[in-house]
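Please look at the sequence and the structure before reading on.

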Amino acid sequence: MSFFARLHFSLLIVRHALVPGRRLPDTHTPVPPGNRPPSTRPVSAEELSWLLANLHGALDDAGNLSLLFPGALPLAAPFLLFRLKRQGFSACRVTANRNGLILTATR
């Protein structure tokens, strides 16, 4: 992934973290509660708007959130933490690695 693609995705994260609420087309269906994988779930640019507006839709059965933002730059981390805290999550952490940003939190 090129630097400009990573920068674009990171700026999308910043935008949707600050101004959430835009919905995806009706073709998007969140994962049903019983079928959520226990591992970190990757987030695509297409579902970013819906997901940051509805973080409760990505919780596992124990109330934990674990998302991977592939290719995202560390500049987006404070904005993700801002969004989580505004929605009442605790134990929020964003870790940057070579794959992108890994977001974990508890509800």
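The points below go from the whole chain to single residues.

This is a predicted model, in which local features need pLDDT of at least 70 and side-chain atom pairs count only at pLDDT 80 or more, while totals for chains, interfaces and linings use all residues. Residues are numbered from 1 along each chain as its sequence is written, and side-chain values use heavy atoms, with hydrogens and water left out.

**Overall architecture**

- The chain contains three helices and four strands; helices (H or I, at least four residues) and strands (E, at least two) are DSSP runs, numbered from the N terminus.
- Read from the N terminus, the order of the elements is α-β-α-β-α-β-β.
- Of the 107 residues in the chain, 37% are buried; buried means under 20% relative accessible area, exposed means over 50%, and partly exposed lies in between (1.4 Å probe, protein chains only).
- The accessible surface of the chain is about 6,200 Å², and carbon and sulfur atoms supply 58% of it; such areas come from the Shrake-Rupley method with a 1.4 Å probe, and for residues only the protein chains shown count as cover.
- Among contacts in the chain with a separation of 6 or more, 65% link residues 24 or more positions apart, a contact being heavy atoms within 4.5 Å.

**The sheet**

- The four strands make an open sheet with mixed pairing, in the order β1-β2-β4-β3.
- Strands β1 (41-42) and β3 are at the edges with a single partner strand each, so one side of each has no neighbour in the sheet.
- Two strands count as paired if DSSP finds at least two bridges between them; strand β3 (residues 90-97) and strand β4 (residues 100-106) pair in the antiparallel sense over six bridges.
- A hairpin connects β3 to β4 through two residues.
- Across from threonine 104 in β4 stands arginine 93, and across from threonine 106 in β4 stands serine 90.

**The salt bridge**

- One salt bridge is present in the structure, defined as a side-chain nitrogen of Lys or Arg within 4 Å of a carboxyl oxygen of Asp or Glu.
- The partners are arginine 41 and glutamate 47, whose closest N and O atoms are 2.5 Å apart.
- Both arginine 41 and glutamate 47 are buried.

**Two loop residues**

- Leucine 73 lies in the loop between β2 (64-70) and α3 (77-86).
- Leucine 73 counts as buried because its relative accessible area is 10%.
- Leaving aside residues up to four places away in sequence, leucine 73 touches Phe3, Arg6, Leu7, Ser10 and Leu101.
- The C-alpha atoms of leucine 73 and alanine 96 are 7.7 Å apart, although these residues are separated by 23 residues along the chain.
- Glutamine 87 belongs to the loop between α3 and β3.
- The side chain of glutamine 87 comes to 3.3 Å from the backbone oxygen of leucine 52.
- Not counting residues up to four places away in sequence, glutamine 87 touches Leu52, Ala53, Leu55 and Arg107.

**A nonpolar surface patch**

- Leu18, Val19 and Phe82 form a nonpolar patch on the surface, and together they have about 270 Å² of accessible area.
- Patches consist of residues with over 30% relative accessible area and no salt bridge; like charges are joined within 9 Å, and nonpolar side chains (Val, Leu, Ile, Met, Phe, Trp, Tyr) within 5 Å.
- Leucine 18 is part of helix α1 (residues 3-18), and leucine 18 counts as partly exposed because its relative accessibility is 45%.

Terms used: A polar contact is a pair of N or O atoms within 3.5 Å; within protein, one must be able to donate a hydrogen and the other to accept it, and residues adjacent in sequence count only if both atoms are side-chain atoms.
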